[in-house]
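Here are some friendly notes to read with the model open beside you. Take the points in order and find each one on screen as you go.

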Amino acid sequence: MKISANKLGSLSVVPQTPANVRDVPRRIQITDGSLSLVAKGFGQLEKVRLPAGVYQARVESVEKPFEQMVFVAPGKKTSITYPVHEREVLPSAAPVPGADAMHEYMRDPLNHAVMRPATLKPCRIVVMATRQIAGPIDLSGFRFLDAKGREVTEMVGNLGDAEGNEWKIISRDVDEGGWILEWPAANFGPKKLLRQPLWCSKNWCTLIFVGVNVATGTPDMENVSIYFWRTGSSFAPEQTDQPDSWDTRNVLQSQRYTELALHSLVNGRSLLSIDEVDTNLLVEKFKNPMLGILGCHLLLQRTSKDAKLIRTVVANLDRLVPGDPDVMALEVMARRAGVKGLKSLARTLSWPPMLRKGFLALRDEDWLKPGTIAQGSVCDRVRAGILSGGVWTRWVGEKSREEFVAPTAQFAAVRKTAPAWKKLSNITGSPAPTSKNVLSYVKQFLGRGGKKFLAEDLRWTGMGREQATAVVRYMNEESAVARRPGIRKAAARISPKKVVAKKDKKTRSTKAPQASGRLQVNRGKTQRKA
Amino acid sequence: MTDTTWHYAVVVGIDEYPRIENGRKNLRGPMEDAEDMAAWLTDAKGGNLDPGRVKLLTRKAPEGRNPPVPVLDEITDAILGWAADFVDRRKKTLPNEAARKAAWQKSRLYFYVSGHGIDDEGDDAALITANASSVSLNHISTRNVLNKLTKERVFGELVILADCCREMIGVGMQPLIWDLSPYRGYNVRSLPRTFIGLASRNRQKAFEPGPKYRNSIFTQALLEGLKGGVSGNVVTSDTLEKFLYNVVPKLAQEQKSEDQDPKIDGDPDIVFLHDSTNYQVTLTARPGSVFAALPAVDVLETDKAVVRSRVSLSAAAPGVFKGMLPTGFYAIVPPGGDPMAGSPVHPLSVLGKDTDENIG
């Protein structure tokens, strides 16, 4: 029912002190008497037209949220002011506006690392570790690996390394392409390592910001921020002689938006209004392509997709950072979301995208169109071991770095007497934990009987269709061997009969499926209702 | 009244985890949560389910089991048991396919869980089962339960409620090895309808109650809403969703000073209850205000700039007005006053609990 204009009033919700570019905007929600959300925004709401009546305004805050009931009178302007006791900041290691690591004394050395003249290599990786309280920063367990899994000890241009009381910078000039960050994964076992892929594009710095565990001084990779910044372009223009110029404001804003977009993806809840995604993220991407990549992910999360905008962003990103796996993943995601008229990037992918959602989309695409992911590539070998949760693509690996070993070399290394999981690894090219998990699942599946075991039943593992088909074939062959008299040893591992017999003996509690992970109690993972 | 002949429920509450840090991660509320949820489900003025079709699983119910319980197999057996019973009962008691289809359209499965939880891809809430340990995080994924039951349309409506954390952990969810094709339902375009209520947003925690309270935060709000605490006279998927979005964060702030925002995703038109609860409202006029000397005040409910209802609250003492009101937002005005015409007005919120407020 349309309401006549004279029955409408307007409501504004504004902060007590004007917000500046360095603040994180607070989420504002207006609800009506049926408890329906009738308006929302970030930072402030200006003159929202509402039917006269009673409403509640709620402003979220890291402290106590602000709530106020208000009567909006017909034809009147009503305004509510909410208190701002202290600035809201994002928990981020990046010294950018809106983050808790935003300190001028950190931005200066960072700027220096970005602005330093290029050496003979076309790309640069800058890792900056920051902490809130002065203390040691130990990056000794932190490694760069090249695309073949080799640890890089000597690289051109390590003159950019620097450190202060609360920060440390490692800077390397590198070739274009894929790189790996590696660090110890204490939660997964003493000899385990976590690996995260990086991508370096020509004439761009890949900036990686990591926090530091205050107790140990080692990197805390929970909140990692990654930016692309044009080599030689100032990251901290406010420190020049034009601190208030339009360009300076734009740079600061683009950095703040990158952080907001990243946190929006992390939390699955946007910290930016639709207008901000449309304009700021996507316009500012020319300075910082990561902003465009994150913004496009946010656009694709919306219920109604702006196909034209998405097409433009993907095309521009492909021009800015050609060959970036994340851009290719975006193209696949957009196509799967029904966006038509995309210029097909049509490349076979061999390096994992940095953003996990993109990787998952490519994995799905590869199931439908085998060949999207290059067979035997790093991308192919880690596809079934990607950690769930989080924004970034990561996997747990061994010190042997077997995911970088060429498949042919590994095939030769597996003996006939090797355990079933190792044979499975040989077939699929997946590392050990994944194979063990798959084997456990297949045993349960076969033990239950009834339904025929198909490749589709293994899709959830992340394997490719060909790998899954090979596993099914292997399991069927082994089952056939198990049924032949006199061959009992092989049967012990996979025979459905044996599984059923074992199952009958077991108590109820041991039948539950085993998840292949460790409870991360030290990070409060199970501190529910604490 | 909703016909609940074909409604079933599996209610799980896990408060003791003896194998996780020797029980140091045990919880206070889940068993009580499950008991109270089961009580609402079987209450004639609540869910109105036949008690024989509500399976309660806690460490005490059913009796005579060896801890740690409940475990995954018990929970899956309970769900699969109801699926089998539903098909069997339809076959045995109904004369023809048309009647069976009608029964299926009225059917509903409630799956409620409370305990420790994890998430995987950001769209799940997996209950960690009682036999979980630090090295083997046994769990049941509510998303997988929903997907399996929805795919084969086993029930006409599915209500999944999970009061547990949704922090992500590097463990993939173990799929359920269920073949539900023998229990397949019918092809009806609008069915199955689903209501999914998760206690927190992805990567976030859900909280136990404050010291004086019996139920966990989400379950407190859920039970209050289901008992008629929502805005309006009918508890539906829509009104319950709005109620939970508004009340859960308030309770979490009041009792724990923490942020907890639920995640609700419901198809419209699922009706839980035809009733509403009235709450005691006490309004105290500030000295010198326009309301201070009045014998009564009017409480107005407005909707789209129109006054929908008017209730008078008499003064129980000078400047103190008392009455009963359901959940909603109200405009308090002097007797006969019209806020749209410039009468003095005080905005009031009643949200699922008794309310004391100073006015004027």
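1. Start in chain A, with helix α5 (residues 307–320) and helix α6 (residues 325–336): they pack at an angle of about 160 degrees, and their axes are 10 Å apart. α5(A) is therefore roughly antiparallel to α6(A). Axes here are lines fitted to C-alpha atoms, for helices over the stretch in contact, with angles running from 0 to 180 degrees between N-to-C directions. Angles under 35 degrees count as roughly parallel, over 145 as roughly antiparallel, 65 to 115 as roughly perpendicular and the rest as oblique. Helices (H or I, at least four residues) and strands (E, at least two) are DSSP runs, numbered from the N terminus.

2. Which residues of α5(A) and α6(A) make the contact? From α5(A) come I310(A), V314(A), L317(A) and D318(A), and from α6(A) come V327(A), L330(A), E331(A) and A334(A); contact means heavy atoms within 4.5 Å. Six of the residues in this contact are nonpolar, none is polar and two are charged. In this scheme Ala, Val, Leu, Ile, Met, Phe, Trp, Tyr, Cys and Pro count as nonpolar, Asp, Glu, Lys and Arg as charged, and the others, Gly among them, as polar.

3. A word on the source: this is a predicted model, in which local features need pLDDT of at least 70 and side-chain atom pairs count only at pLDDT 80 or more, while totals for chains, interfaces and linings use all residues. Residues are numbered from 1 along each chain as its sequence is written, chains are lettered from A and ligands numbered from 1 in the order in which they are written, and side-chain values use heavy atoms, leaving out hydrogens and water.

4. Now look where the chains meet. Chain B gives 77 residues to the contact and chain A gives 61 residues. About 5,800 Å² is buried between them, with 55% from carbon and sulfur atoms; buried area is the accessible area (1.4 Å probe) that two parts lose on being put together, summed over both. On the chain B side, Q174(B), I177(B) and F329(B) lose the most area to chain A, together 14% of what that side buries.

5. How many salt bridges are counted between chain B and chain A? The count is one, and the side chains of E67(A) and K250(B) meet in a salt bridge at 2.5 Å, N to O. The term means a side-chain nitrogen of Lys or Arg within 4 Å of a carboxyl oxygen of Asp or Glu.

6. Within chain B, helix α5 (residues 217–229) and helix α6 (residues 237–256) pack at about 135 degrees, with axes 9 Å apart. That angle makes α5(B) oblique to α6(B). By class, their contact has 12 nonpolar, four polar and two charged residues.

7. Helix α1 (residues 30–42) of chain B also meets α5(B): the axes come within 11 Å and cross at roughly 10 degrees. α1(B) and α5(B) are therefore roughly parallel to each other. Among the residues that meet are W40(B) in α1(B) and L222(B) in α5(B).

8. Finally, some backbone details. Most residues other than glycine have a negative phi, and most peptide bonds are trans. A cis peptide bond joins A61(B) and P62(B), with omega about -10 degrees, and another cis bond joins V69(B) and P70(B), with omega about 0 degrees. P62(B) lies in the loop between β2 (54–57) and α2 (72–93) of chain B, and P70(B) is in the loop between β2 and α2 of chain B. K47(A), in strand β4 (residues 45–51) of chain A, has a positive phi of about 45 degrees although it is not a glycine.
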